[in-house]
Amino acid sequence: MIKIFYFSGTGNSFWSAKKIGQGVGGDYELINIGDEAQKSEIIVEADAVVFVFPSYAYGLPIIVRRFAKSAVFKTSYLAAFVTFGTSPGGTLGALRRILKKKGIEKMYFGRIPAVENYLAIFGTQKEKKQKRRVSMQEKATEEAVRAVIEKRENKVCTCRVFSAFISRLFSLGVKIFYKSYRVGAHCTGCGVCEKICPVSAIAMKDGKPLFSNKCEHCQGCIDICPLRAIQFGRVKFGSPGYRHPDVTIAELSKTET
Ligand SMILES: Cc1cc2nc3c(=O)[nH]c(=O)nc-3n(C[C@H](O)[C@H](O)[C@H](O)COP(=O)(O)O)c2cc1C
């Protein structure tokens with residue numbers, strides 16, 4: 001049995017995680033890190049463990065770091081894949097540092113280019129560029145499948161000082177970012193944002209979403225809101241949001257995954 005742990009705001013990492021599961025063959029389980037990390041004791045027993053998650057500010061999303069640190073892995077092989085929009089910097093090195101301390105010997109680290117989803121900074125990418133990135137993601141995911149089947153091993157540098165600095169700053173920011181989410185008057189209270197939030201940071205109150213400090217700033221709610229009613233600070237999003245073209249809202253919703 002292969003256990004595939006994913007974290008995904010807009011579906012890129014979920015899509016690659018799903019394809020890796022299907023491509024490797026045999027039994028596999030897809031597990032949302034956001035749900036798993038809630039447990040007080042996490043023991044992961046499997047023939048192989050696979051991580052798939054996005055790069056955030058050249059580093060690990062906070063929930064991925066917390067999960068990797070707190071889980072006990074009873075496995076002989078672990079592979080980790082980062083999806084990213086421009087450069088993942090030291091993301092994989094940060095994970096390797098944590099896992100090395102746990103005594104895992106056989107590890108593989110891979111990079112999967114994907115569509116950039118950080119709309120608050122970069123805006124929505126043009127359709128042509130998105131298509132190019134989706135096709136790059138497909139190729140890199142096929143390579144990831146081969147790496148897991150062959151149980152490849154490699155190493156990544158664990159000493160990326162600049163990345164560690166940027167990632168640390170971002171982590172400090174994330175603790176207060178949730179206070180800057182705004183909901184427009186045109187929000188109908190459909191609750192899609194609550195359902196797709198991978199870390200259950202949104203609760204509906206009086207028909208409107210309320211954001212809590214569990215928010216990872218993944219952009220899922222902003223992008224997936226059908227009315228584009230969620231804003232971050234003063235950033236207004238007029239253009240269509242992004243979601244991986246082959247991932248449905250149902251797949252990202254808590255009840256369906
Ligand atoms: C808060 C935030 C920070 C990000 N930082 C980086 C980064 O440092 N480098 C990069 O290449 N992409 C960065 N991205 C882009 C995502 O890593 C990329 O689009 C990823 O595939 C999204 O995966 P998902 O759809 O599974 O959430 C960032 C995205 C967000 C939302």
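## Overall fold and dimensions

In this predicted model, the secondary structure of the chain amounts to 10 helices and 11 strands. Along the principal axes, the C-alpha atoms occupy a box of roughly 55 × 40 × 40 Å. The radius of gyration of the chain is 18 Å, which agrees with the value near 18 Å that a compact globule of 257 residues would have.

Contacts in the chain between residues at least 6 apart in sequence are made up as follows: 78% of them join residues at least 24 apart.

Of the 257 residues in the chain, 52% are buried. The chain exposes about 12,400 Å², and 53% of this area is supplied by carbon and sulfur atoms.

## The largest nonpolar core

In soluble globular proteins, nonpolar side chains tend to be buried together. The largest nonpolar core in this chain holds 48 residues, of which F7, F51, F53, F67, F73 and L95 touch the most other members. At least two residues of this core come from each of several elements, namely strand 4 (48-54), helix 3 (62-70), strand 6 (78-84), helix 4 (91-100), strand 7 (107-113), helix 7 (161-177), helix 9 (220-224) and strand 11 (230-232). Helix 4 provides the largest share of the core, with 5 residues.

Conventions:
Residues numbered from 1 in each chain as written. Predicted model: local features only at pLDDT ≥ 70, side-chain atom pairs only at ≥ 80, totals over all residues. Heavy atoms only, no water. Helix = DSSP H or I, 4+ residues; strand = E, 2+ residues; numbered from the N terminus. Rg over C-alpha atoms; globule rule 2.2 N^0.38 Å. Buried < 20%, exposed > 50% of the residue type's maximum accessible area, 1.4 Å probe, protein only. Contact = heavy atoms within 4.5 Å. Areas by Shrake-Rupley, 256 points an atom, 1.4 Å probe, with all protein chains shown as cover. Core = buried A, V, L, I, M, F, W, Y, C linked by side-chain atoms within 4.5 Å.
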